[in-house]
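Subject: Handover of a structure

Dear colleague,

I am passing on to you the structure shown below, and after it I set out what was found. Please read the notes with the structure open beside them.

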Amino acid sequence: MSSDSMAGRHRPPRPAIPRARRASPRFLLYAASLLTGLVVWDLAARNVSDFILAPPTSVLAHLAGMVVSGELPAMLGQSVGHMLLGFALAAAVAVPLGFLMGREPRVNAMIDPLVSAFMAIPAVGFVPFLIIWFGLFFEGRVALVFLMCVFDMLVVIAAGARDVDPRLSDVGRAFGAGRWQRFRMILLPASLPFLLTGVRIGLVRAVNGLITAELFFAAVNLGAYMKAAANRFDSAGVLSILVVLSLTGLVIQEGLRALEHRLLPWTVRH
Amino acid sequence: MPHSKLIIEDISKTFRRDDGTQMPVLLNQSMEVADREFVALLGPSGCGKSTLLRIINGLVATDTGRVLLNGKDITGRPGEGCGMVFQSSDLLPWRTALGNVEFGLEVQGVGKADRQRVSRDLLRRVGLTEFEHAYPHQLSGGMQQRVGIARAFAINPEVLLMDEPFGALDVQTRDDMQVELLRLWEDNQKTVLFVTHGIEEALYLADRVMVFSPRPARVLKVFDIPFPRPRREEIKTEPLFLEMRREIGGLLRASREPALA
């Protein structure tokens with residue numbers, strides 16, 4: 001909308017405000033991208049024996065068997081437990097601390113170096129200690145998922161809180177909003193896009209942490225299944241678990257994107 | 001003058017640059033504004049008149065002096081009877097046009113039904129009834145600023161502070177907005193401080209024009225504007241209007257030249 005007829009009263013009716021909708025070409029590209037991945041995988045698998053790389057078809061058959069037997073739903077159900085708890089604890093730390101870091105330069109100056117230092121260490125490096133502190137089972141896995149999520153979320157949420165346009169804070173102050181009102185009515189909504197991105201990144205990291213924990217602590221659920229399959233040289237079995245993980249990640253990401261579209265109708269989309 | 005609505009006493013402000021040097025922007029500025037008076041603060045860009053406005057509003061702390069509204073000291077206290085219209089409208093992008101107009105009332109704790117009634121009425125008066133559910137990014141610059149003006153009027157402020165509100169708009173839209181602002185103001189007269197660098201804009205809108213020097217800002221001369229109200233756009237071509245325009249232009253040029261030399 002470039003020009004703008006004034007003197008408001010006798011304006012000709014305007015067409016309804018266009019609503020951004022996901023265009024179908026984008027959906028087609030999305031499908032094409034996944035399909036290309038499958039085709040490349042299939043072509044690669046054709047020239048080698050099944051135990052080096054099983055083709056998508058045998059993995060699909062294997063997965064179907066796991067679903068029918070009820071094995072997969074049962075394992076997933078158990079794995080989701082430590083994943084969600086670890087993620088929730090990480091969010092409970094990262095959201096308030098991230099806001100503090102973003103808005104209070106002193107807090108940031110104290111915490112940011114630590115975050116940067118820890119981020120370089122792969123979380124599995126902590127597993128020996130986590131085993132000593134939290135044991136080999138549920139608590140240990142939760143701790144690892146927590147560690148794998150928390151730093152990434154902190155960085156994104158702090159960046160979002162820092163990024164809020166100071167002119168918008170001025171609007172709040174100019175209209176007499178107090179600290180709490182400015183937080184609730186300006187800061188929180190203004191950093192919501194980053195907050196949701198932080199949650200999305202955190203959840204994907206949590207899926208990552210889910211399987212890492214099941215492989216590096218006492219092997220259970222999906223991790224145990226994957227290890228056993230690897231010991232049998234059953235590549236379809238191993239790949240089935242990997243496919244389950246990547247599908248879980250995809251579903252979570254798409255779900256959160258849909259949520260973003262609902263919660264953030266004001267962000268400009270292309 | 002006990003009847004002044006707004007009294008500004010001895011305001012000075014010096015900013016510190018990043019390299020540690022001092023940059024004085026305002027030196028011992030005082031002025032008095034009568035109730036329902038429309039005063040334009042006219043001066044070159046960056047001279048410090050916007051800073052004065054932000055000090056009156058309480059967004060920027062002053063180094064010296066004080067600001068009195070109805071005899072009450074409001075120095076450094078934002079939201080005390082002043083409504084602000086910002087240069088680039090600065091609407092909250094996650095709120096619809098209606099939600100933005102409601103903002104100030106919501107801060108004051110006014111109930112939803114009341115604030116929607118007030119806000120809808122104001123949107124109607126700025127001609128945006130059909131756009132109450134539109135988000136700022138769906139509105140043109142002129143429409144955004146109309147929402148910004150409605151937002152300031154919504155809290156029924158004692159004083160309306162306008163910081164180059166039409167500076168970012170194209171010429172045609174700016175002219176239209178001036179007409180619209182006068183219509184609104186003549187319906188509901190407020191005390192207005194209007195910062196601008198447009199001579200014609202100041203002459204057309206204001207009862208009194210205060211011409212500022214380049215930084216540090218001080219008042220070079222005050223002009224009482226004699227044109228009757230309601231004002232018509234035709235006055236812009238009257239000989240007296242053109243003469244005042246020429247005189248102020250000369251004044252601003254003369255004040256600029258020593259800085260160039």
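In what follows, helices (H or I, at least four residues) and strands (E, at least two) are DSSP runs, numbered from the N terminus. This is a predicted model, in which local features need pLDDT of at least 70 and side-chain atom pairs count only at pLDDT 80 or more, while totals for chains, interfaces and linings use all residues. Residues are numbered from 1 along each chain as its sequence is written, chains are lettered from A and ligands numbered from 1 in the order in which they are written, and side-chain values use heavy atoms, with hydrogens and water left out.

I begin with the backbone of chain B. The peptide bond that leads from Arg215(B) to Pro216(B) is cis, with omega near -5°, and Pro216(B) sits in the loop that links strand E9 (208-212) to strand E10 (219-224) of chain B. A cis peptide bond also leads from Arg229(B) to Pro230(B), again with omega near -5°, and Pro230(B) belongs to the loop between E10 and helix H7 (239-260) of chain B.

Asn28(B), although not a glycine, has a positive phi of about 40°, and its place is in strand E2 (residues 22-34) of chain B. Glu164(B), which is not a glycine either, has a positive phi of about 40° and lies in the loop between strand E7 (159-163) and helix H5 (171-187) of chain B. With 7% relative accessibility, Glu164(B) counts as buried (buried means under 20% relative accessible area, exposed over 50%, and partly exposed in between, with a 1.4 Å probe and protein chains only).

Next come the strand pairings, where two strands pair if DSSP finds at least two bridges between them. Strand E1 (residues 4-16) of chain B is joined to E2(B) by 9 bridges, and the two run antiparallel; Phe15(B) has Met23(B) as its bridge partner in E2(B). E1(B) and E2(B) form a hairpin with 5 residues between them, and in the turn Gly20(B) has a positive phi of about 95°. E1(B) also pairs in the antiparallel sense with strand E4 (residues 64-69) of chain B, over 5 bridges, and there Ile7(B) has Leu68(B) as its bridge partner.

With kind regards
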